[in-house]
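Here is a short briefing to read with the model open beside you.

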Amino acid sequence: MRRFTQHTGLVVPLERANVDTDQIIPKQFLKRIERTGFGEFLFYDWRYLPDGRPDPSFVLNEPRYQGASILVADKNFGCGSSREHAPWALGEFGFRAIIAPSFADIFANNCFKNGMLPITLDVAEIMRRAKENEGYQLTVDLEGQSVSDSSGFSVQFVVNEFQRCCLLEGLDDIDLTLRHEYAIKEFEARSEFKLSNLRLPPAIPSSKLKLEL
């Protein structure tokens, strides 16, 4: 998993509350069996008009926000179904961090497991600065647990310590398991030894078996 220590990037403000995972990645694009290829369909129903052309009124299509890597949204971001495709799509589109007043628990957990940092903060001031200042950037420091810009704005955030350590070291569930590879192999060897030395009772001849009705 990609590590997250510190990231500086362009901010895009998505002033919508209760953005659910079907809006993040609509259900018709969930047929892929790979974890890639979802970025182009991010916010599909909002990014595109019925005829397939980009909707110029949607914030992600505005030229000033092209290349944004920090998404700022309203409360309850990522609600709805628990599809892991949502953080896959956001990550592949280029986002490294998402800042919102609140997140759906499963969505936030999926973000951590996929190398993306969800940050719970009051976003009013960040929203204002992102809209008023073209090219507005933030620096997200996971080690110091702070969000800041070049104009003096700075705020602290809190992250679960276990999830923080996993992101800092780039460890997903498989990586965490492999940290115990030696102990796993040792356990398997002991189990194989016990099975190879296991003495089973002799089989009972079929002639001595009685069928009871």
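The notes below go from the overall fold to the sheet, the cores and a few single residues.

This is a predicted model, in which local features need pLDDT of at least 70 and side-chain atom pairs count only at pLDDT 80 or more, while totals for chains, interfaces and linings use all residues. Residues are numbered from 1 along each chain as its sequence is written, and side-chain values use heavy atoms, with hydrogens and water left out. The chain has eight helices and seven strands; helices (H or I, at least four residues) and strands (E, at least two) are DSSP runs, numbered from the N terminus.

**Overall picture**

- Of the 213 residues in the chain, 41% are buried; buried means under 20% relative accessible area, exposed over 50%, and partly exposed in between, with a 1.4 Å probe and protein chains only.
- Among contacts between residues at least 6 apart in sequence, 66% join residues at least 24 apart, where contact means heavy atoms within 4.5 Å.

**The sheet**

- Seven strands form an open sheet with mixed pairing, in the order β4-β3-β2-β1-β5-β6-β7; two strands pair if DSSP finds at least two bridges between them.
- At the edges are β4 (117-120) and β7 (154-156), each of which pairs on one side only.
- Neighbouring strands of the sheet are turned by 25 degrees against each other on average, direction ignored; axes are lines fitted to C-alpha atoms, for helices over the stretch in contact, and angles run from 0 to 180 degrees between N-to-C directions.
- Strands of a sheet pair through backbone hydrogen bonds, either parallel or antiparallel.
- β1 and β2 run parallel and are joined by four bridges, and Val 12 has Leu 71 in β2 as its bridge partner.
- β2 and β3 also run parallel, with three bridges between them, and here Leu 71 stands opposite Ile 98 in β3.
- β6 (residues 146-148) and β7 pair in the antiparallel sense over three bridges; Ser 154 in β7 is the bridge partner of Ser 148.
- From β2, Ile 70 and Val 72 point one way and Leu 71 and Ala 73 the other way, and all are buried.

**Helices against the sheet**

- β2, α3 and β3 make a right-handed β-α-β unit; a crossover is right-handed if, with the strands pointing away from the viewer, the path from the first strand over the helix to the second runs clockwise.
- Helix α4 (residues 105-113) lies across β3 (97-100) and β4, at about 135 degrees to β4.
- Helix α5 (residues 124-132) lies across β1 (6-14), β2 (70-73), β3, β5 (137-141) and β6, at about 85 degrees to β1.

**Nonpolar cores**

- Which residues of the largest nonpolar core touch the most other members? They are Phe 43, Phe 77, Leu 90 and Phe 107, out of 34 residues.
- A nonpolar core is a set of buried Ala, Val, Leu, Ile, Met, Phe, Trp, Tyr and Cys residues joined through side-chain atoms within 4.5 Å.
- The elements giving two or more residues to this core are β1, β2, α3 (85-93), β3 and α4, and α3 gives the largest share, four residues.
- Apart from this core lies another of 24 residues, among them Phe 4, Val 72, Phe 112 and Leu 117.
- Leaving aside neighbours within four places in sequence, Leu 90 has contacts that include Leu 71, Phe 77, Ile 98 and Phe 107.

**Around helix α6**

- The buried residues of α6 (residues 161-169) are Gln 163, Arg 164, Cys 166, Leu 167 and Leu 168, and their cover includes α4, β4 and α7 (173-178).
- Asn 160 caps the N-terminal end of α6, with a side-chain oxygen 3.0 Å from the backbone nitrogen of Phe 162.
- Just after α6, Gly 170 takes a positive phi of about 70 degrees.

**Two loop residues**

- Asn 18 sits in the loop between β1 and α1 (21-24) and is partly exposed, with a relative accessible area of 41%.
- The side chains of Asn 18 and Asn 76 are joined by a polar contact of 3.0 Å; a polar contact is a pair of N or O atoms within 3.5 Å, and within protein one must be able to donate a hydrogen and the other to accept it, while residues adjacent in sequence count only if both atoms are side-chain atoms.
- Ser 151 lies in the loop between β6 and β7 and is exposed, with a relative accessible area of 59%.
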